[in-house]
Amino acid sequence: MASKVYDVCVVGSGASGGTLCAHLAQAGVDVIVVEGGPPVNTRTAFNTHAMPFEFPNRHIPTMKPGKDGFTSERSRGVGGKSLLWNAVAWRQSHRDFKGRSIDGLGEDWPIDYKDMAPYYDRIEREVGVCGNLDGLEDLPDGIFLPPVPMKKSDLLIKRGAEKIGVKVIHVRKSTLTRPRGPRPACHYCGNCMAGCDVAAKYNSADVHMHPALKTGKLEIRSNAIVREVMVSNENRVTGVKYIDRLTRQEGGVLARSVVVSCACVQSVALLQMSKSRLYPTGLANSSGHLGKDFIPHFTGGVELFLHDLMGKPSVNDEGFLDHAYIPSFMHKRKRDYARSFGMQFNYQNRRSVGWARALPGFGKAYKESVKDRYPAYVVLSPYGEMIPNAGSFVDLDEKNKDEWGLPSARRTVAYSENDMKIFRDMSQWARRIGEAAGAEILSVSDEPHTNHELGGARMGSDPKRSVVNSDCRAHDIQNLYVVDGSVFPSASEKNPTHTMMALAARTAEHLADRLKRREI
Amino acid sequence: MSIENEGRREALKIIGAIGTTCAFPFSANDLYGQVAPVTPPQQVHQHPGPPQRPIAVPGKVKPGYFSQADFDVVTRISDLIIPATGTPGAVEAGVPAYIDSVVGGNKQLQEIFRTGLAPLGGFLALTEEQQIAMLTSWSNAVGKGNAKGAGPQFFQAIKNLTADGYYTSYIGLVEELKYTGNTVLDHFPESTIPEH
C-alpha cells in the first residue's frame, strides 16, 4: 500500500467528484481522485458522430473500437456520467429545499436557496451555462450565456401550451453558446449524449480536473475500483481499498479525509460494503438511514406528431437536443397531491425512429405514414418529485456479484399514492399540452419509470434521521464526506446535476477551510 | 447526399463537409492542460460530413440463421411491410439480412419465428392478394392491441424488425426520411411559426 498520506481522497470523478477535487486542488489541498474507469480522451474515444448503419446490428457502441470506457455500471471513465449527460442545469428554489415546511411531507434540507446561491454563481461562471433570464421565483435565474433559439416544434408546443395557461421557457444547459477559453461553442451536431467531442458541453474531466492538474496538487488514479472505505478504531476514516481494474491487484490510498462521490446508488453501496466492527451495517449508518429515502425522479412520456409539421420537408434541427422546457406550474395551482413536476421535451435525436414500430398497418400506406410523421415527432417527458417512502431503498444484492466479486447495488422502488397522482396528472397535462398544440397522440406511458437517482444517504440536521449534516459530512465520522445525489433529502422535479456541482463547490470550500485550520 | 435547400435551411451555414477540418481555435494536446492521453498536435477536431451511402452488397444474401426456405418467406414479408415505392424498400435496404442476424442472436425471437414460420411453407405460392390478406388479418389483430396467437405475434415481431432495420439503414434514414443532422452549424437558426 502506498505510504503517501493525501489530505483528501475523493472516490469518483463525475460531476460531483470532479468539481470537488478540482476546487480542492485550486485551494492548495493535496487531493487524489480515485476513479473505477479508465482515462477517456473525449476527442477521440467516443463514437460521437457515428450513424447506425455503420454497424451490422445497427447499435452504436458508446466507445470507438479499442477504446476503453463505458461498458458497465461500475466501469466508467474519468469524468463519470458527466461525459454522457444531457447537461440540463437548473437552480433549485426555496420551495425545493423546504418542502416539508410547506406541505409536511418528506424532509427539509438543512440549507436553503440563499446558502446555495453563491455556489450556483460560481459554477455558472466556471463552466458556462446558457439560458434566458425568465424572472421566475421557482426557477431562479443565474449567470447565463445566451440561450439557443427554440426549434419550430418547440414554438408550436409553446403556442399550444400558452393557450391553456402553461409557460414554456428556453432550456438552461451547461453547454457553451459562446467560446470560453480553450473550449469552442456548441456546433449543434445533436450528439450531446454520445459524448461531446469538443467539450462544448461540460464534462468534469476536461473542464474541471484537467485544468486543475496544473496546480500540481491533484492526482487522478484511474482504473481503481474502490471496494471499501477504511475506518480506524478511533472512528476516523483512513483511506480506501481498491481493485486495480487492469491487474486485478488489491491497492489502496491513505488520506486524512475521504469524500464518497461515485454517483448516488454506487456511493450508498460503497458505504454499505464498508462494514466494520464499529459499523456492522455499513459505514456511517448509526442512524439506520443509509440506503433509505431513495427518491429518484420518475418520468412518463407522451409521444405525438404535430399536425403543422406532418408531411413537411425534413430539416436539420437536432441542435443540442432539447431547447425548451416547461417549468413546474402545478405547485401554484389547486391539486390533490403534494409537490409537482416539470416537463422536458424534444430531446430525441432524429436518428432514432423506433416509434415507426407503433404506427398501424403495413405496406405503401404505412411507409408513407412514417415519412409524413418523421418531421413532426415530439416526446413530452415530464419529471415528477417522489416523496421518501419505506418501500423505496438501495441495498446490496450479496447473491449477485459483479465481475470484481463485489455485491451489486439493488434498487427497490415503490410508488406512493402521492407519486401516482403526480404521475397521472403530469401524463394528462402532457397530453393536454400536445392536443392544444395540434398534435396526433401516438402513445401515453401507462406507468412511471425512474431516472436521476437521488437519496439514500440523506442530509439532515438530526443525526438520528439522516446520514450527513449540512456540510455533507457524515454525522458519525468527523473526516468522512458524501457529496452527490445520494445526500438529497428531497428530490425536487428539477434535473439535479447543477445542484450537485454547487454542493461539491460548497463542500470543497468547507473542507479546505477545515484542513487549513488543522481540524482534520 | 445531395442537400435540397428549402427556405429555412438556406439560412443555415453548413460549414462541415467531408473531411473538412473545423476551424476550432485549439489543437488537441494543449486543450485544457490535459496531460494524457495525448492526441498528435496537428490533429484538430475532425467532423464528418453528411453520412455516406455504404457500398452496396450486390447479389443474393445467404442467411446465417434461417434456412433458405424460411429466409425467402422472411424476405417476402419484409418486402410487403416496407415495399419499394418511389424509393427503395426493405429488401434493397438489406433488412432481411438484418432480421436474420438479430433473430439468430435472440432466443425469444427464435421461438416466435419458429412458431410463426411453421405454417407458412406455402406462403410464396400464394398470390400477392392472398399474401396481403393474410398479413392484414394479423396486422388488424395487432392494431387492436390483441397480438395473441402465433400469427399476430409473429407479424408484430417481423414488422418491428423490418421497421428497425429499414429506418436505421442508409436507404431508410437518409434517402427515404431525408435525415440531415450530424453536421456542424456555426449557429442554430431562429425559427418562426405562422401567427394565428
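**Notes on a predicted two-chain model**

1. Starting with the fold content, chain A has 10 helices and 19 strands. Helices here are DSSP runs of H or I with at least four residues, strands are runs of E with at least two, and both are numbered from the N terminus. This is a predicted model, where local features need pLDDT of at least 70 and side-chain atom pairs count only at pLDDT 80 or more, while totals for chains, interfaces and linings use all residues. Residues are numbered from 1 along each chain as its sequence is written, with chains lettered from A and ligands numbered from 1 in the order in which they are written.

2. On overall dimensions, the C-alpha atoms of chain A fill a box of roughly 70 × 55 × 45 Å along the principal axes.

3. Burial in chain A comes out at 60% of the 520 residues. A residue is called buried if 20 or more other C-beta atoms lie within 10 Å of its own, exposed if 12 or fewer, and partly exposed in between, with C-beta atoms placed from the backbone. As for contacts (C-beta atoms, placed from the backbone, within 7 Å), 72% of those in chain A between residues at least 6 apart in sequence join residues at least 24 apart.

4. Have a look at helix H5 of chain A, residues 152-163. Its 12 residues reach 17 Å from first C-alpha to last, close to the 16 Å expected at 1.5 Å a residue; the expected span is 1.5 Å times one less than the number of residues. Nine of the 12 residues of H5(A) are buried, so the helix is largely enclosed by the rest of the structure. Among the buried ones are A:Leu155, A:Leu156 and A:Ile157, along with A:Lys152 and A:Lys158. The cover over the buried residues of H5(A) includes strands E11 (302-306), E12 (324-326), E13 (341-345) and E14 (377-384), plus helix H9 (417-436), in chain A. After H5(A) comes A:Gly165, with a positive phi near 80°.

5. Two backbone angles are worth a glance. Most residues other than glycine have a negative phi. A:Asn223 is not a glycine, yet its phi is positive, about 55°. A:Asn223 sits in the loop between strand E6 (218-221) and strand E7 (224-231) of chain A, and is buried, with 21 other C-beta atoms within 10 Å. A:Asp293, also not a glycine, has a positive phi of about 60°. The loop holding A:Asp293 runs between helix H7 (264-273) and strand E10 (297-299) of chain A, and A:Asp293 is buried with 30 other C-beta atoms within 10 Å.

6. A:Phe329 is in the loop between E12 and E13 of chain A. With 18 C-beta neighbours inside 10 Å, A:Phe329 counts as partly exposed. Setting aside neighbours within four places in sequence, A:Phe329 is in contact with A:Val166 and A:Lys167.

7. Now chain B, which has seven helices and zero strands. Buried residues make up 36% of its 196 residues. Of the contacts in chain B with a separation of 6 or more, 64% are between residues 24 or more positions apart.

8. How do H5(B) and H6(B) pack, and at what angle? The angle is about 85° and the axes are 8 Å apart, with axes fitted to C-alpha atoms over the stretch in contact and angles running from 0 to 180 degrees between N-to-C directions. That makes H5(B) roughly perpendicular to H6(B); the label covers 65 to 115 degrees, whereas under 35 is roughly parallel, over 145 roughly antiparallel and the rest oblique. Residues of H5(B) including B:Leu135 and B:Trp138 meet residues of H6(B) including B:Pro152 and B:Phe155. By class, this contact has six nonpolar, three polar and no charged residues. Here Ala, Val, Leu, Ile, Met, Phe, Trp, Tyr, Cys and Pro are nonpolar, Asp, Glu, Lys and Arg charged, and the others, Gly among them, polar.

9. Finally, the interface: 56 residues from chain B and 52 residues from chain A take part. H6(B) gives the most to the side of chain B that touches chain A, with five residues. That side of chain B has 31 nonpolar, 17 polar and eight charged residues.

Key: Contact = placed C-beta atoms within 7 Å.
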